[in-house]
Amino acid sequence: MEETGRDRDIEGRARNARPRDGLGRPLPYGAPGVERQPEGVVRTPEETVREAQRLLDAGMPFHAHEVFEDAWKSGPVAERELWRGLAQLAVGLTHAARGNATGGARLLRRGAAALAEFAGVRPYGIGVDGLIGWAGELAGRVEAADSDGAAGDGAVRGKPVDAIAAAPCLRPPTR
């Protein structure tokens, strides 16, 4: 931390050094937290999907979003909507897991819309059609739970969804 009380990285940019939980929420200084994803990592699409799925399966969709964001920023222009859409799905799940039904549903739908141009295709083995369906179904459940008090995966009015139980499978087996 610098003299002004702001956390800075080695290049002097403002960076919050507070530890974070598995959903990316800041914790008090000194509390044990989850290690952050390094930013700006260039991965192959295979590495991106594998790492993001590992994080989703561990209940850390915020961290998976950061992996997708790296691919979105460093990948070919023709694939940016794919990675941006996947990042938005991960952030939507993050918000739903934090109990933010409105933001969660909105981002799930926005991510599904970004993936629409890849419908019917399985880029890098990613089951885009299934993810679009998953996002719409989860968005509906989260909104229903927020308005009427009950839905699956722990989505009960005022309570967040279970990020592990609700996590999507990025590469479902082919039939």
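Arg84 is partly exposed in this predicted model, because its relative accessible area of 22% falls between the limits of 20% and 50%. Its salt-bridge partner is Glu81, with the closest N and O atoms 2.6 Å apart, and Glu81, at 25% relative accessibility, is likewise classed as partly exposed. Both residues belong to helix α3 (residues 80-98), where a spacing of 3 residues places them about one turn of the helix apart.

**Salt bridges elsewhere**

- Arg50 is partly exposed at 49% relative accessibility, and Glu46 is partly exposed at 39%.
- The side chains of Arg43 and Asp70 also meet in a salt bridge, at 3.3 Å from N to O, and this pair links distant parts of the chain, with Arg43 in the segment before α1 (45-57) and Asp70 in helix α2 (residues 61-74), 27 residues apart.
- Arg43 is buried, with a relative accessible area of 18%, and Asp70 is buried at 9%.
- Over the whole structure, the search finds 9 salt bridges.

**The second largest pocket**

- The second largest pocket has a volume of about 160 Å³, and the residues that line this pocket include Asp70, His65, Glu66 and Lys73.
- By class, its lining comprises 3 nonpolar, 3 polar and 5 charged residues.

Key
Residues are numbered from 1 along each chain as its sequence is written. This is a predicted model: local features need pLDDT of at least 70, side-chain atom pairs count only at pLDDT 80 or more; totals for chains, interfaces and linings use all residues. Side-chain values use heavy atoms; hydrogens and water are left out. On a 1 Å grid over the protein atoms alone, a cavity is a set of points where a 1.4 Å probe fits but cannot get out, and a pocket is an open set with protein on both sides within 12 Å along at least five of seven lines; lining residues have an atom within 4 Å of a point. Grid points are joined across faces, edges and corners, and a volume is the space filled by probe spheres set on the points. Ala, Val, Leu, Ile, Met, Phe, Trp, Tyr, Cys and Pro count as nonpolar, Asp, Glu, Lys and Arg as charged, and the others, Gly among them, as polar. A salt bridge is a side-chain nitrogen of Lys or Arg within 4 Å of a carboxyl oxygen of Asp or Glu. Helices (H or I, at least four residues) and strands (E, at least two) are DSSP runs, numbered from the N terminus. Buried means under 20% relative accessible area, exposed over 50%, partly exposed in between (1.4 Å probe, protein chains only).
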